[in-house]
Amino acid sequence: MNKDKEIHGVDISKDVFDVFDHEGVHHQYPNTLKGFRDYFRCLNPNSLVVMEATGYYHYLLAQFLYDQGMAVSVVNPLSVKRFVQMRLSKVKTDKSDAKAIAEYAKVNAVPLYDGKGEDQAESLQLLALMDIYLKQRTQVKNKLHGEKVLGIPSRAVHSSLVRTLKSLDRELEALQSRLLALVKKTQQRQLTNLKSIPGLGDKTVALLIILTDGFTKFENAGQLCNYAGITPTTRRSGSSVRGKSRISKVGNRELRNLLFLCAFSACKHNKACREIYERITAKGKSKKLALIAVSNKLLKQAFAIAKSGLPYDENYVSKLN
């Protein structure tokens, strides 16, 4: 536990971060370097700052405080979410989220943040920018489709959209190449081993390595599946099932989407995944449910291979649940 520490719970978003300090006081700071400095001046050597993993936003503050010599912990948001649910809390605001994080850290052992190098920082920046460009590309594609549906698209509008789409594709390709180069630089062996899994592509493997810090963030494959948001959930009341089983969708959306796309290839080339797919569809269940199960299997295979340090072995991974 952390009873000897002055625990601060931090909820961080794009523009601001909210702090619930050890005295139960709420503060809010701009999510800028100035905001980081103002907050740092309020801390003392006995402070422990705890925040959820929220991609690039949490990393900037965590790294800044770490560089200043402060004790920092970055926790899994799913763990905090379950903690809140167990307490039956119905209020959700930035202030309540920061309070929940602080209370979680008071009763649970939390890992200390060990700092990231420049390569990890750049990787997270690349992912953030790629996410923006992917959303823009989807918007442009939808606009192009809409213009075609009209039947009389403006030539100038159509040409501009096509140029924009090509430009976004070039930028995404360049960013992806840089991302792969960084992963190869720091995690070449793990990258090679994970790419040996039939169905997993370069982009998915690189994203997995970056988001999991080389698979050091999770103790077991189940935690990783929860993080990706592909764990089935069923609504029940007594002995009755209320509605169909669904995936939780709580977790990293980009990782979940990439895994779903990889599942199509895995069904053809990955023996264990193909067997799961055929078994589920043979029971009359939907192909989508089968693909979700395949995505889950791919993550379990990736976790096993990352932890073993060995390349894909069909006979070994086929035994995984």
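Mentor: Let's start with a term you'll need: a residue is buried when its relative accessible area is under 20%, exposed when that area is over 50%, and partly exposed in between. Keep in mind that this is a predicted model.

Trainee: Okay, let me try it. Is Phe260 buried, exposed or partly exposed?

Mentor: Its relative accessible area is 26%, so Phe260 is partly exposed. Phe264, at 44%, is partly exposed too.

Trainee: And how much of the whole protein counts as buried?

Mentor: Of its 321 residues, 43% do. The accessible surface is about 17,800 Å², and carbon and sulfur atoms supply 52% of that.

Trainee: What is the protein built from, in terms of helices and strands?

Mentor: There are twelve helices and nine strands.

Trainee: How do I read which strands S1 pairs with, and in which sense?

Mentor: Look for bridges: two strands pair if there are at least two bridges between them. S1 runs parallel to S4 (residues 47-52), with five bridges joining them. Within that pairing, Ile7 has Leu48 as its bridge partner, and His8 stands opposite Val49. With S2 (residues 16-20), S1 pairs in the antiparallel sense over four bridges. One example there is Ile12, whose bridge partner is Phe17.

Trainee: How many residues lie between S1 and S2?

Mentor: Three, and the two strands form a hairpin.

Trainee: What is the strand order in the sheet?

Mentor: It goes S3-S2-S1-S4-S5, an open sheet of five strands with mixed pairing. S3 (26-30) and S5 (71-75) are at the edges with a single partner strand each, so one side of each has no neighbour in the sheet. From one strand to the next, the twist averages 25°.

Trainee: Which strands does helix H1 touch?

Mentor: H1 (residues 33-40) packs on the sheet and touches S1, S2, S3 and S4. The direction of H1 makes about 145° with that of S3.

Trainee: Which residues of H1 are buried?

Mentor: Gly35, Phe36 and Tyr39 are. Viewed down the axis of H1, the buried residues fall within an arc of 100°, so they line one face of the helix.

Trainee: Now the rings. How many aromatic pairs are there?

Mentor: The idea is to check how far apart the ring centres are, then the angle between the planes: under 30 degrees is stacked, over 60 is edge-to-face, and the rest are tilted. The count comes to ten aromatic pairs. Take Phe36 and Phe64: they are 5.7 Å centre to centre with 40° between the planes, a tilted pair. This pair links distant parts of the chain, with Phe36 in H1 and Phe64 in H2 (residues 56-67), 28 residues apart. Both residues are buried.

Trainee: Why is the pair of Phe260 and Phe264 edge-to-face?

Mentor: Their ring centres are 5.7 Å apart and the planes stand at 90°, so the pair counts as edge-to-face. Both residues lie in H9 (residues 253-269), four residues apart, which is about one turn of the helix.

Trainee: Which residues do ring pairs link into a cluster?

Mentor: Phe17, Tyr29, Phe36, Tyr39, Phe40 and Phe64.

Key
Residues numbered from 1 in each chain as written. Predicted model: local features only at pLDDT ≥ 70, side-chain atom pairs only at ≥ 80, totals over all residues. Heavy atoms only, no water. Axes fitted to C-alpha atoms, helices over the stretch in contact; angles between N-to-C directions. Contact = heavy atoms within 4.5 Å. Phe/Tyr/Trp six-rings, centres within 6.5 Å; stacked < 30°, edge-to-face > 60°. Buried < 20%, exposed > 50% of the residue type's maximum accessible area, 1.4 Å probe, protein only. Arc of directions from axis to C-beta. Areas by Shrake-Rupley, 256 points an atom, 1.4 Å probe, with all protein chains shown as cover.
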